[in-house]
Amino acid sequence: MKILGPLVFLLMLGGLRCQNNRNAKASGKSTKKSSGIQQVDAGQSPPVADVTPGSTGRTGSTRNTEGTAESREEGAAGARASGQQTDDMRLQFLTNTQVTCNDGTAAGFYLKEFRGSRRWLLFLEGGWCCYSRETCDYRYQNIPRLMSSSGWPETKRGSGILSSQAEENPHWHNANIVFIPYCSSDVWSGTGPAPPPPPRPRQGRDKVRDRNTNATEYTFMGSLIIREVIKDLIPKGIKQAKVVMLSGTSAGGTGVLLNIEKVANQLQQLGAETQVRGLVDSGWFLESKQQRSPNCPETVSCSPEDAIKFGLRLWNGGVPDRCRQLFKRGEEWKCFFGHRLYSTLTSPVFIVQWLFDEEQLRVENIYIGGQSMSEEQWQYIRNLGLELKNSLRDVTAVFAPSCLSHTLITKSNWTNFQVRGTSLPRALQCWDRSLEAIRNNRTPAKGCPFHLVDTCQWPQCNPTCPALVDKTTQQELTLLQMLVAMGLDLQRLGLDPQGDADSLASMVRNGG
């Protein structure tokens with residue numbers, strides 16, 4: 001249907017599957033009305049699982065178990081200090097009850113301590129946002145766990161970089177791991193109750209509904225939640241941390257970019273001598289190419305840029321000071337895009353980004369594995385990889401495979417994916433060693449790369465890419481098979497199925 005494509009984007013940036021059977025309501029809140037928007041499915045797996053018997057994640061076949069001397073030493077110390085370790089993260093609600101989820105229920109975090117470790121990994125969950133009364137009502141009805149804590153389980157178990165298993169998570173399994181659920185719907189930028197909406201003109205007010213009307217029954221406190229989590233971790237030892245890694249996927253990744261300087265300043269003011277680092281996964285987006293009405297009169301027709309513009313007012317959203325100073329008043333939304341914000345950051349940040357991010361494509365109404373694709377859409381896909389490469393050119397630490405996917409660091413097989421023969425865990429380890437060398441006035445070692453961008457030009461030209469799956473048949477397909485299945489004429493595109501198979505193989509050998 002016409003509205004389905006834009007609606008799917010409402011669930012982007014999180015890699016999260018709708019939980020349709022959960023209708024948790026906030027205590028003391030009235031039942032939210034339906035906005036008449038169709039329900040959609042983001043089609044991704046959550047980065048943590050509610051703990052059930054046999055719920056350990058599948059690990060990949062390519063592993064790097066070397067670890068740094070620091071991580072090995074802390075691992076032994078942690079094992080001695082804590083005795084029996086558990087893989088589970090346990091829920092703790094914030095001490096400050098005034099900082100809440102959208103519906104007024106308590107915000108909180110999941111914590112798995114590794115006693116004796118001076119390394120902390122804080123993870124911001126993703127899940128896009130809502131930016132109007134209509135979109136927030138829809139979100140509350142269909143994905144209540146992204147706006148309320150009333151249905152959160154007591155414990156969770158992480159996967160990928162959140163795993164406690166050395167085989168799955170060779171470099172960070174022995175860190176203190178903090179998972180911060182996303183329940184503020186503001187891309188982690190909200191700083192409190194929304195300001196009152198401006199008065200509406202008299203003419204036509206019966207015909208036009210103010211999208212901020214009564215919106216303050218929701219609260220948007222994403223940035224404040226991060227601040228309070230840090231405060232609550234002080235008794236746990238975060239002030240003594242040597243390294244704090246603020247990480248996140250999708251909207252959580254963008255949240256890292258928006259909040260890393262605040263976290264660094266907060267810890268510095270507490271007297272901590274820690275280095276705060278950022279890990280941004282699938283949160284590096286480019287502005288939309290689609291032409292939409294600048295006033296976005298229909299809720300579902302808003303571009304991401306317009307959604308953020310409306311959202312900033314609704315959320316009382318904040319952006320980093322150094323970035324805000326680059327743009328005139330009313331253009332603060334530009335700081336939500338990494339390629340505009342990155343150069344203003346003083347804390348080190350590692351960017352993880354698929355060159356053909358599925359959610360970036362969905363913004364343009366392109367669905368890989370869907371029913372059809374136009375030649376223009378195929379050309380957009382080809383150009384997207386080039387544009388993303390250009391935007392990452394000046395990024396110091398980056399891992400960018402030429403694949404069609406979304407989110408990476410919380411996949412249980414994240415060790416499998418490589419760029420030029422180097423896995424992401426290995427690249428993060430190289431980056432860590434480089435930062436430690438610089439911090440101790442030493443020359444970083446050579447031959448340990450952490451600027452890794454695929455050089456091949458096609459989607460899926462990297463042999464370690466996740467498989468493409470036909471949404472109708474659930475069968476795995478090659479890229480050319482997928483294009484044919486979506487109705488494209490390979491000869492019209494200048495693609496020879498026989499010749500290009502050899503061409504793709506050559507690209508894989510040389511650049512993947």
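Colleague: Which residues in H11 are buried?

Modeller: Leu 424, Pro 425, Ala 427, Leu 428, Gln 429, Cys 430, Trp 431, Asp 432, Ser 434, Leu 435, Glu 436 and Ala 437. Buried means under 20% relative accessible area; exposed is over 50%, and partly exposed lies in between (1.4 Å probe, protein chains only). By that cut-off 12 of the 16 residues of H11 are buried, and the helix is mostly covered. This is a predicted model: local features need pLDDT of at least 70, side-chain atom pairs count only at pLDDT 80 or more, and totals for chains, interfaces and linings use all residues. Residues are numbered from 1 along each chain as its sequence is written, and side-chain values use heavy atoms, with hydrogens and water left out.

Colleague: How do you know that the span of H11 agrees with 1.5 Å a residue?

Modeller: The expected span is 1.5 Å times one less than the number of residues. H11 covers residues 424-439, so its 16 residues should span 22 Å, and its end C-alpha atoms are 22 Å apart. After H11 comes Asn 441, with a positive phi near 60°.

Colleague: What makes a run a helix or a strand?

Modeller: DSSP runs decide: H or I with at least four residues is a helix, E with at least two is a strand, and numbering starts from the N terminus. The protein chain has 13 helices and 17 strands.

Colleague: How do you know which strands S8 is joined to?

Modeller: Two strands pair if DSSP finds at least two bridges between them. S7 (residues 243-249) and S8 run parallel with 7 bridges, and Val 243 has Gln 275 as its bridge partner. S8 and S9 (residues 349-352) also run parallel, with 4 bridges. There, Val 280 stands opposite Ile 351.

Colleague: What makes S7, helix H5 and S8 a β-α-β unit, and of which hand?

Modeller: The unit goes from S7 over H5 (residues 251-269) to S8, and it is right-handed. A crossover gets that name if, with the strands pointing away from the viewer, the path from the first strand over the helix to the second runs clockwise.

Colleague: Where is the kink in H5 centred?

Modeller: On Asn 259, with about 50°. The bend at a residue is the angle between axes fitted to the seven residues ending there and the seven starting there. Even so, the 19 residues of H5 reach 27 Å from first C-alpha to last, close to the expected 27 Å. H5 is largely enclosed by the rest of the structure, because 15 of its 19 residues are buried. Just after H5, Gly 271 takes a positive phi of about 90°.

Colleague: Why is Ser 250 called buried?

Modeller: Its relative accessible area is 0%, so Ser 250 counts as buried. Ser 250 sits in the loop between S7 and H5 and has a positive phi near 60°. Most residues other than glycine have a negative phi. Ser 282, in the loop between S8 and helix H6 (304-315), also has a positive phi, about 55°. At 0% relative accessibility, Ser 282 is buried too.
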